[in-house]
Amino acid sequence: MYDYMPIILGIVIIALGLYMVVFPKSATKVEKRNDSNAVDKTKKAGVVEIICGICLILLGYLLI
């Protein structure tokens with residue numbers, strides 16, 4: 001079970017990153033939702049999070 005934790009966590013991280021990319025306005029803090037720079041920053045953070053999740057999954061496959 002513990003061997004599959006990086007893969008499971010990678011899937012969760014990718015799902016959160018997808019949420020940040022698809023719905024950036026709702027993923028941004030309430031007080032900054034009208035600021036377009038903050039919304040764009042949230043989108044970029046979501047893409048970085050997706051990339052990190054993919055790397056974690058690949059690392060999990062290499063360790064199994």
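1. Tyrosine 19 is partly exposed, at a relative accessible area of 40% (buried is under 20%, exposed over 50%, partly exposed in between, with a 1.4 Å probe and protein chains only). Phenylalanine 23 is likewise partly exposed, at 47%. The model is predicted: local features need pLDDT of at least 70 and side-chain atom pairs pLDDT 80 or more, whereas totals for chains, interfaces and linings use all residues. Residues are numbered from 1 along each chain, and side-chain values use heavy atoms, without hydrogens and water.

2. The count of aromatic pairs is 1 (ring centres of Phe, Tyr or the six-membered ring of Trp within 6.5 Å; planes under 30 degrees apart are stacked, over 60 edge-to-face, the rest tilted). Tyrosine 19 and phenylalanine 23 form this tilted pair, with 5.8 Å between centres and 50° between planes.

3. Buried residues of α3 include Ala38, Thr42, Gly46, Ile50, Gly53 and Ile57. The buried residues of α3 pack against α1 (5-22) and α2 (24-27).

4. In the protein, 23% of the 64 residues count as buried. Its C-alpha atoms fill a box of roughly 45 × 15 × 15 Å along the principal axes.

Methods:
Helix = DSSP H or I, 4+ residues; strand = E, 2+ residues; numbered from the N terminus. Contact = heavy atoms within 4.5 Å.
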